[in-house]
Every structure is written in C-alpha cells, then in structure tokens.
Amino acid sequence: MKITAIGATGKVGTPLVRGLLERGADVRVFVRDPGKARAVIAAGDMPGRLDIVPGRLDDLAAVRAAFSGVDVGFVALGPTGDQRPLQEGVIEAAGQAGLPQLVRLSVFSTGHHSLGLNQRAHAELDDLVAHTGLPYTSLRPALFATSVLDAAEEIRRTGGWTGAAAHGRNPLIDPRDVAASGVSVLLDPAWWGRHHELTGPALYSWPDVAALLTRELGTPIGFRAVDGAALRAAALARGLPEINAETLVARERAVEAGENERLTDTVRALTGSEPRSLAAFLHEYRDVFVPQWEAA
C-alpha cells in the first residue's frame with residue numbers, strides 16, 4: 001500500500017506514520033520541515049519505506065504531485081483559522097490528482113448545528129469533499145486526552161484549572177489510539193467510505209478528571225467553573241490567538257450541552273484492542289501536573 005500523509009508531525013500523524021511503516025507500508029510525507037519529520041518519525045529499521053517530500057501546503061501543484069501515484073491519502077489539519085484555506089486547498093488538489101481514497105482527520109460529533117466551532121467547520125469540509133466527488137473516509141475522534149495537558153501549568157500554579165463546562169462529559173481518547181485506528185483504516189479498503197467515530201472507554205466531566213488527578217497525585221486538584229466570557233478573557237490573557245479562544249469557549253458550550261456524551265466501540269473494532277484509559281494516561285504524565293508546593 002502506498003500512502004501520502006499530510007500532517008505527519010502532529011499528535012496523531014507521527015504515531016500513525018510510524019504504525020504504517022511498522023506494517024510495511026510505503027509512506028510519503030509532505031512536510032514543510034524535513035529535518036523535523038525525520039527526527040520525530042525516526043523510521044530506523046522499520047519494514048516500510050519512508051519518503052520525505054519537502055513542500056508548502058499553499059503550493060497546490062506540489063500537493064497534487066504528492067498525492068499522485070498513491071493508493072490513499074491521509075490529511076490531519078485544523079478546520080479553522082489559518083489552516084482552513086490550506087485544508088480546502090489540499091482537498092482541491094487531492095481531487096485534481098484523482099486520489100483513489102482520501103482519509104481525513106475530523107472531530108467527534110461533527111455537524112452543521114453543533115455548538116462547537118470545530119464540529120461545524122468539519123461538517124463544511126465534509127460538504128466540500130462531497131462536492132469534489134472524492135472517495136472519502138473520515139476519522140472522528142473525541143476530545144484528546146492530551147487536552148488535559150493544556151491545563152498543566154495552571155494546575156501546577158494553583159492546584160486546579162478553569163473551564164466553562166462543569167457538568168457535560170467527554171469520552172476522552174488517547175491520540176495514540178486514534179493513530180492506531182487510522183493505520184487500520186488506511187491499510188484496509190473494507191473500512192473506507194465511512195465516518196469512524198472514535199472514543200475512549202469512559203465518560204468524564206472536568207470535575208471527574210480533577211478527581212482522577214487528585215487520586216493520582218495524592219493532593220487535592222480542583223476544577224473552577226466560570227462563564228464563557230471569563231474563560232475567553234483568561235485564554236486571551238495567556239496569549240491564545242482569538243480564534244483559539246473562541247474555539248475553546250465553543251468547545252465548552254458543546255460539552256456542557258451534552259453533545260459528546262456517548263461511547264463507541266470503534267477503536268476495538270478497528271484495532272482489536274480496547275482504548276487506553278484516562279487514568280493510565282494521567283499516570284503516564286503525572287509529573288507535569290504536580291503542584292509547585294508539592295514538587296518543592
């Protein structure tokens with residue numbers, strides 16, 4: 001199987017490319033920084049062949065060339081902000097290249113009427129792919145467990161973190177399980193032509209996550225609920241771009257509304273293994289959460 005991957009140095013892209021190489025696939029990665037790709041993928045003596053192609057996503061001729069002559073393409077790009085026009089261009093180039101199958105990283109609960117900005121934006125991108133007539137598959141993972149790491153600095157400093165969703169629950173998923181699911185989908189055409197919704201094994205509210213961290217660290221960790229305006233202001237104050245702050249607030253609204261409160265068995269169906277637990281993830285990263293006064 002010959003595969004082109006765009007977004008190969010991200011949370012999902014890197015383990016996905018490594019998984020493909022371990023399974024013997026020929027993988028072409030189209031990247032802006034070949035040195036970074038070579039370092040993070042570290043293909044070594046894996047049985048597959050890695051071809052690193054330098055280029056820019058706004059060079060549609062180069063993107064078309066990257067998609068030429070392969071069986072399937074994988075794209076992991078953001079749906080909003082600066083990445084939105086890049087993703088639209090990649091979809092256009094894939095169609096022009098006659099790509100036999102496009103597999104795109106999307107998001108859980110994608111829909112035009114979601115409260116989440118990403119969910120609505122991915123629905124619009126689905127429409128764009130449909131308009132091109134490309135054979136199409138999407139991976140729709142729940143919120144990544146790594147999103148909890150975004151709160152690590154605040155937890156270390158204050159013993160808790162701030163959000164706007166005190167009650168809604170998420171089926172948080174480890175990005176490595178998303179990558180493993182993607183490997184299975186990319187290598188087996190039987191899984192093509194579907195939207196695969198991927199979740200972790202359990203539902204957690206943010207206070208539930210705080211309780212897990214409390215047990216893991218042996219010190220009280222709290223969650224402070226604020227309104228959307230306060231959350232947005234705090235996000236901007238710590239340097240998040242405006243689109244990121246707006247996306248964060250919209251995400252919390254969607255969570256609080258219960259949009260994500262369901263589980264699927266898709267990871268097990270695709271990989272043959274149960275998804276990693278959030279408790280195991282937090283244990284793996286426990287040191288980044290230890291409050292400053294406990295670490296002293």
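**Notes on the predicted model**

1. Let me start with strand β6, residues 136-141, which is mostly covered: six of its six residues are buried. Please keep in mind throughout that this is a predicted model. Which residues of β6 sit on which side? Y136, S138 and R140 are on one face, T137, L139 and P141 are on the other, and all of them are buried, so both faces of the strand are covered. In a regular strand the side chains alternate between the two faces of the sheet.

2. Next, the partners of β6. On one hand there is β5, which runs parallel to β6 and is joined to it by four bridges. Within this pairing, R104 stands opposite S138 of β6. To get from β5 to β6 the chain passes through helix α5 (residues 117-132), and this β-α-β crossover is right-handed. Strand β6 also pairs with β8, again in the parallel sense and over four bridges. Here the bridge partner of S138 is H195 in β8.

3. Stepping back to the whole sheet: in what order do its strands lie? Seven strands make up an open sheet, with parallel pairing, in the order β3-β2-β1-β4-β5-β6-β8. At the edges are β3 (49-54) and β8 (195-198), each of which pairs on one side only. Ignoring direction, neighbouring strands of this sheet are turned by 20° against each other on average.

4. Strand β1 covers residues 2-6 and β2 residues 26-31, and the two pair in the parallel sense over five bridges. One detail to check on screen is K2, whose bridge partner in β2 is D26. Helix α1 (residues 13-22) packs on the sheet, where it touches β1, β2, β3 and β4 (72-75). The direction of α1 makes about 155° with that of β2.

5. Helix α4 lies across β1, β4 and β5 (102-105), and it runs at about 170° to β5.

6. Now for the aromatics. How many aromatic pairs does a search of the whole structure find? The search finds three. One of them is W161 with W206, an edge-to-face pair at 6.3 Å centre to centre with 80° between the planes. Because W161 lies in strand β7 (residues 160-163) and W206 in helix α8 (residues 206-217), the pair ties together parts that are 45 residues apart in sequence. Together with F223, W161 and W206 form one aromatic cluster.

7. Another aromatic pair is F281 with Y285, which is tilted, at 4.7 Å centre to centre and 35° between the planes. Are these two residues buried or exposed? F281 counts as buried, at 2% relative accessibility, whereas Y285 is partly exposed, with a relative accessible area of 28%.

8. R262 lies over the face of F108, at 4.2 Å from the ring centre. D287 is found in the loop between α12 (278-284) and α13 (292-295), and at 61% relative accessibility D287 counts as exposed. The C-alpha atoms of D287 and V183 are separated by 30 Å, and these residues are 104 apart along the chain.

How values were computed:
Residues numbered from 1 in each chain as written. Predicted model: local features only at pLDDT ≥ 70, side-chain atom pairs only at ≥ 80, totals over all residues. Heavy atoms only, no water. Pairing = 2+ DSSP bridges. Axes fitted to C-alpha atoms, helices over the stretch in contact; angles between N-to-C directions. Contact = heavy atoms within 4.5 Å. Phe/Tyr/Trp six-rings, centres within 6.5 Å; stacked < 30°, edge-to-face > 60°. Buried < 20%, exposed > 50% of the residue type's maximum accessible area, 1.4 Å probe, protein only. Lys NZ or Arg CZ within 6 Å of the ring centre and 35° of its normal. Right-handed = clockwise from strand over helix to strand, strands pointing away.
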